[in-house]
Amino acid sequence: MSGRRVLVIAGTDSSGGAGLVRDVRTLARMNVPVACAVTAVTAQTDSSVSSVYPLPPAEVRAQMSAALGSGDIGAIKIGMLGTQAIVEIVAEVLTDHRGPPIVLDPVLYSSSGSSLLDPAGIVALRRLIFPLAALLTPNLPEAAYLAQGGHFTPGVASARTTVEGWAHALLAQGPQAVLLKGGHATGAAVADVLVRPGCEALWFSDRRLEGQARGTGCALAAAVAGALARGEDLEQACRCGRAHVRALFREKPASVDTPASDTS
Ligand code: PXL
């Protein structure tokens with residue numbers, strides 16, 4: 001592997017489905033080298049979170065400074081931040097090291113519904129990190145909450161005008177672009193929308209794939225950051241992110257059968 005690295009700032013998920021493990025697996029698939037700053041350690045299964053241990057902010061700062069001091073970071077992906085104190089330290093370090101594009105996945109809850117960012121952290125995320133982001137990648141429930149303080153109702157929100165309205169409301173909060181992911185809606189297609197100032201909204205739509213996958217938001221944002229680190233433009237990078245989510249749905253667990261030729 002060579003080239004510029006992606007700095008992943010995220011929490012760990014002990015089940016391996018989401019968080020930092022998913023980010024690193026996605027970037028490894030792309031052959032993009034990684035640096036990381038762990039924000040929190042979580043203990044979880046696919047259906048529940050049993051413990052969240054945020055790291056001391058000074059440890060997060062030390063990891064970020066070590067990576068950013070290397071001068072070879074081509075993009076930054078931010079996932080779970082956990083607490084207001086971590087949001088503040090991350091914002092401070094990023095403000096001191098402007099340059100690499102930042103892809104911000106605004107992680108509020110785990111797929112099983114546990115809080116992964118405290119309420120004061122949500123306020124700080126909006127105020128301090130949204131304005132630093134090249135791209136914000138909320139899903140529909142996150143967008144409904146962050147755009148209008150409301151809850152997402154499946155079906156109702158799938159109207160394109162509503163979704164575009166939320167995306168523009170989020171754009172007005174400071175990021176340079178918003179990719180609003182439509183996977184939580186119902187229907188035969190999954191449609192995401194990219195909004196940027198002064199451009200027509202750009203819709204990406206694909207047939208909905210069967211089944212369940214965890215860590216799709218992590219994979220998408222990590223792949224977008226990987227593509228940006230390789231020098232792709234934002235639209236290409238979003239297409240790359242979507243392709244990695246689809247690959248996750250198609251992924252089958254590795255077979256544990258002993259190969260026929262293995263007689264040992
Ligand atoms: O998918 C969001 C996410 C991000 N980071 C961590 C998580 C999850 C979801 O469970 O556990 C650590």
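Visitor: Is the crossing in which α5 passes α6 left-handed or right-handed?

Guide: α5 passes α6 in a left-handed crossing (the near helix is turned anticlockwise from the far one by less than a right angle; clockwise would be right-handed). This is a predicted model, in which local features need pLDDT of at least 70 and side-chain atom pairs pLDDT 80 or more, while totals for chains, interfaces and linings use all residues. Residues are numbered from 1 along each chain as its sequence is written, and side-chain values use heavy atoms, without hydrogens or water.

Start with the pair itself. Helix α5 covers residues 140-148 and helix α6 covers residues 160-171 (helices are DSSP runs of H or I, at least four residues; strands are E runs of at least two; both are numbered from the N terminus). Their axes lie 9 Å apart and pack at an angle of about 55° (axes are lines fitted to C-alpha atoms over the stretch in contact, with angles from 0 to 180 degrees between N-to-C directions). That makes α5 oblique to α6 (under 35 degrees is roughly parallel, over 145 roughly antiparallel, 65 to 115 roughly perpendicular, and the rest oblique).

Now set two other pairs beside it. Helix α3 (residues 84-96) packs on helix α4 (residues 119-129) at about 15°, with the axes 8 Å apart. So α3 runs roughly parallel to α4. Their crossing is right-handed. Helix α7 (residues 216-229) meets helix α8 (residues 234-250) at roughly 140°, and the axes come within 7 Å. These two are therefore oblique to each other. α7 passes α8 in a right-handed crossing.

C218 is one of the residues that come nearest to the ligand, along with G11, Q44, S110 and R214. The shell has 13 residues (each with a heavy atom within 4 Å). Strand β1 (residues 5-13) gives the most to this shell, with 3 residues. In Q44, a side-chain N or O atom is 2.6 Å from an oxygen atom of the ligand (polar contacts pair N or O atoms within 3.5 Å). In R214, a polar side-chain atom lies 3.1 Å from a ligand oxygen.

One backbone detail remains. N31 has a positive phi of about 65°, although N31 is not a glycine. Its place is in the loop between α1 (19-29) and β2 (34-44). Most residues other than glycine have a negative phi.

Terms used
Polar contact = N/O pair within 3.5 Å; in protein donor to acceptor, adjacent residues only side chain to side chain.
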